[in-house]
Amino acid sequence: MIFDILTLFPSMFQGAFSDSIIKRAVDNGIISIDFHNIRDHSDDTKHKTVDDYPYGGDAGMLMKVTPLVKCIGDAKERLAKHNPVVVYMSPQGELLNHKVVESFINVKSLIILCGRYKGIDQRVVDMYVDREISIGDYVLSGGEIPAMVLVDSITRLLPGALGNRDSAEADSFYNGLLSHPEYTRPEDINGMKVPEILLSGHHANIKKWQHEQAVKITKERRPDLWDKYCIAHPETVQKKRKK
Ligand code: SAM
């Protein structure tokens, strides 16, 4: 998948994308990531201004329209044969969750627009943006961290991005439940022991225990997810009630 990230702060991504799973995915050709500095498209050659006053007299500034339009236009042209989808990271967008992440995995290229200041002119959204995505009901200073979240969460689901050792299938949300608790060595920490079942070597019983734990923790912590799981898996839930 191709990610084209449009931002005023490309250097913010250096740390986040230069290690671990994202780096491996880039090195293995599973994804490519390019950054485009919106400031390079400023029509103000002297000061490279990228902000402007909002109509209506509100406090604060908005991103200037011309650099945005030019930067998005360039990206769309560059990726024209890869059917790019333009995403604007925005608190007003669709709330990101596992299902929303999954909805991106067959997209060939994503142009991700990171807002700054008070955001961007609504007409730019209306003309160019295919999807608006929010990473939560709070406001960050810019779209860069949300863009990192989006790229990371999609990449984890792309074939070959994770080795078997860090497979996404046992992760929270993958099958609609939170993950079961995990343990590693040592077997005993100050008297707190690893549950015996995990040392039994009985694969089927271990799977059963892990599923029961996932159900327990989901019911306790995320009744909203549990309700959805019951609707999606009526047989499993009914079987449990009959016992
Ligand atoms: N005035 C905007 C509002 O109230 O909705 C907030 C603007 S925010 C300070 C600047 C930029 O950060 C936004 O344009 C957006 O790109 C990004 N941003 C902030 N919070 C976000 C969130 N929860 N999800 C996605 N992007 C976010």
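Mentor: Buried means under 20% relative accessible area, exposed over 50%, and partly exposed in between, using a 1.4 Å probe and protein chains only. The model is predicted: local features need pLDDT of at least 70, side-chain atom pairs count only at pLDDT 80 or more, and totals for chains, interfaces and linings use all residues. Residues are numbered from 1 along each chain as its sequence is written, and side-chain values use heavy atoms, with hydrogens and water left out.

Trainee: Which accessibility class does T66 fall in?

Mentor: T66 lies in helix α3 (residues 65-78). Helices (H or I, at least four residues) and strands (E, at least two) are DSSP runs, numbered from the N terminus. T66 has 31% relative accessibility, so the class is partly exposed.

Trainee: How far is T66 from N28, C-alpha to C-alpha?

Mentor: The two are 38 residues apart along the chain. Their C-alpha atoms are separated by 36 Å.

Trainee: What distance separates the C-alpha centres of domain 1 and domain 2?

Mentor: The chain is divided into domain 1 (2-155) and domain 2 (170-242). These bounds come from an automatic or database domain assignment. The C-alpha centres of domain 1 and domain 2 lie apart by 37 Å.

Trainee: Where does the largest pocket lie?

Mentor: A pocket is an open set of points on a 1 Å grid over the protein atoms alone, with protein on both sides within 12 Å along at least five of seven lines; a 1.4 Å probe fits at the points, and lining residues have an atom within 4 Å of one. Both domain 1 and domain 2 give residues to the lining of the largest pocket. The pocket therefore lies between domain 1 and domain 2.

Trainee: What is the volume of that pocket?

Mentor: Grid points are joined across faces, edges and corners, and the volume is the space filled by probe spheres set on them. For the largest pocket this comes to about 570 Å³.

Trainee: Which element gives the largest share of the lining?

Mentor: The lining has 22 residues, and N97, H98, K99, F173 and Y174 lie nearest the pocket centre. By type, it holds 9 nonpolar, 7 polar and 6 charged residues. Helices α4 and α8 (223-232) each supply at least two. The largest share, 5 residues, comes from α8.

Trainee: Which residues does I154 contact, leaving aside its neighbours within four places in sequence?

Mentor: Contact means heavy atoms within 4.5 Å. Beyond its sequence neighbours, I154 touches M1, F3, V101, F104, I105 and L110.

Trainee: How far apart are F13 and F35 in space, C-alpha to C-alpha?

Mentor: F13 lies in helix α1. Its relative accessible area is 1%, so F13 is buried. F13 has F35 among its contacts, along with I5, T7 and C114. The pair is 22 residues apart in sequence, and the C-alpha to C-alpha distance is 8.9 Å.

Trainee: Which residues does H180 contact, leaving aside its neighbours within four places in sequence?

Mentor: H180 sits in the loop between α6 and β8 (188-189). At 11% relative accessible area, H180 is buried. Its contacts are Q210, Q213 and A214.

Trainee: What is omega for the bond that joins R185 and P186?

Mentor: P186 is in the loop between α6 and β8. Most peptide bonds are trans. The bond between R185 and P186 is cis, with omega about 5 degrees.

Trainee: What is the phi of S20?

Mentor: S20 lies in helix α2 and is exposed, with a relative accessible area of 53%. Most residues other than glycine have a negative phi. S20 has a positive value, near 60 degrees.

Trainee: And what is the phi of Y117?

Mentor: Y117 is in the loop between β6 and α5 (122-128). At 39% relative accessibility, Y117 is partly exposed. Its phi is also positive, near 55 degrees.

Technical notes
Ala, Val, Leu, Ile, Met, Phe, Trp, Tyr, Cys and Pro count as nonpolar, Asp, Glu, Lys and Arg as charged, and the others, Gly among them, as polar.
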